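Subject: Structure handover

Hello,

Please find the structure below. My notes on it follow.

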Amino acid sequence: MGRVTERRRTLRIRDGAVSSRADTLVAEEPLEIRLNGKPLAITMRTPGDDFALAAGFLVSEGVIAEGGEVQSIVYCAGATADGVNTYNVVDVKLAPGVVVPDITLERNVYTTSSCGLCGKASLDAVRTTTRHPVGDTPPVRVTPELLSALPDRLRAAQKVFDRTGGLHAAALFSEKGELLDVREDVGRHNAVDKLVGRALTDGRLPLSRSVLLVSGRASFELAQKAVMAGIPVLAAVSAPSSLAVDLAAESGLTLVGFLRGPSMNVYAGEHRIALEAGVH
């Protein structure tokens, strides 16, 4: 679907000169995720990869962990009163025998494009639900030089950002620095869900030999999503939150922040960073 960007008229002022022109903006629309026909969550997202987004969201929430647990994902026809399919409602039907969690008000979550799953209770929620614990054996080893090259590779792979400047991006790299996948969205957590959901449908979970790079900060929600997918290394170009660092330390996740050129901070899991002998 071609709803990734939209055009809007804008009044442009440059050095006192005023003109009118159309500007390209990133699209933002709500997506309602239903589970076996029952509403589960609403997220504000950039349309596209909606099925992967829904699947990745369910992985992050501990509902599913393998592609075989999903029977189908479809858009809901007649989602509006006049019967029009808005392509803003998807229904995930679990495979026979897969236990459906109790969808209570606590799980009926509204998520925004900026904050992810707001009010996530505690680290215990992740420790008790993940079925893909970080378990890279032998441990992934990445050099600072390899990590420092990843942001430029991500930037080169971004398609919509060049036109709008308004999208977050998330990318999966191999431990050798090979770009495996990249997704963009108005919400950074949605971009990660799209990556994880695609990996689920392709049968690649857990992502135990990969590096996840995000274009913004490393929030608790993003660290949680990495842990739920079994990703051993999460790197961000901006700062992590304190709770993200706590989760990384407790789960064994390597967390790198402020990844800018040759500079970076390693907040947890430094055993995966391959430093030269004598460097501490």
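I start with Ile 42, which counts as partly exposed because its relative accessibility is 33% (partly exposed lies between buried, under 20% relative accessible area, and exposed, over 50%, with a 1.4 Å probe and protein chains only). Ile 42 sits in strand E4, residues 38-45 (helices, H or I of at least four residues, and strands, E of at least two, are DSSP runs numbered from the N terminus). Its C-alpha atom is 9.6 Å from that of Asn 88, which is 46 residues away along the chain.

Before the rest, a word on the basis. This is a predicted model, in which local features need pLDDT of at least 70 and side-chain atom pairs count only at pLDDT 80 or more, while totals for chains, interfaces and linings use all residues. Residues are numbered from 1 along each chain as its sequence is written, and side-chain values use heavy atoms, with hydrogens and water left out.

For the chain overall, there are 7 helices and 13 strands. Of the 280 residues, 48% are buried. The accessible surface is about 13000 Å², with 52% of that belonging to carbon and sulfur atoms (Shrake-Rupley method, 1.4 Å probe).

An open sheet of 6 strands runs in the order E9-E8-E10-E11-E12-E13, and its pairing is mixed (two strands pair if DSSP finds at least two bridges between them). Strands E9 (179-185) and E13 (263-268) are at the edges; each has a single partner strand, so one side of each lacks a neighbour in the sheet. From one strand to the next the twist averages 20 degrees (axes are lines fitted to C-alpha atoms, for helices over the stretch in contact, and angles run from 0 to 180 degrees between N-to-C directions). Leu 255 has Ala 268 in E13 as its bridge partner.

Helix H5 lies across E8 (168-174), E9 and E10 (210-214), and runs at about 140 degrees to E9. Asn 190 belongs to this helix, which spans residues 188-201. Asn 190 is buried, because its relative accessible area is 1%. Its side chain makes a polar contact of 3.2 Å with the side chain of Thr 43 (a pair of N or O atoms within 3.5 Å; within protein, one must be able to donate a hydrogen and the other to accept it, and residues adjacent in sequence count only if both atoms are side-chain atoms). Setting aside neighbours within four places in sequence, Asn 190 is in contact with Thr 43, Met 44, Arg 45, Leu 53 and Asp 185 (heavy atoms within 4.5 Å).

Regards
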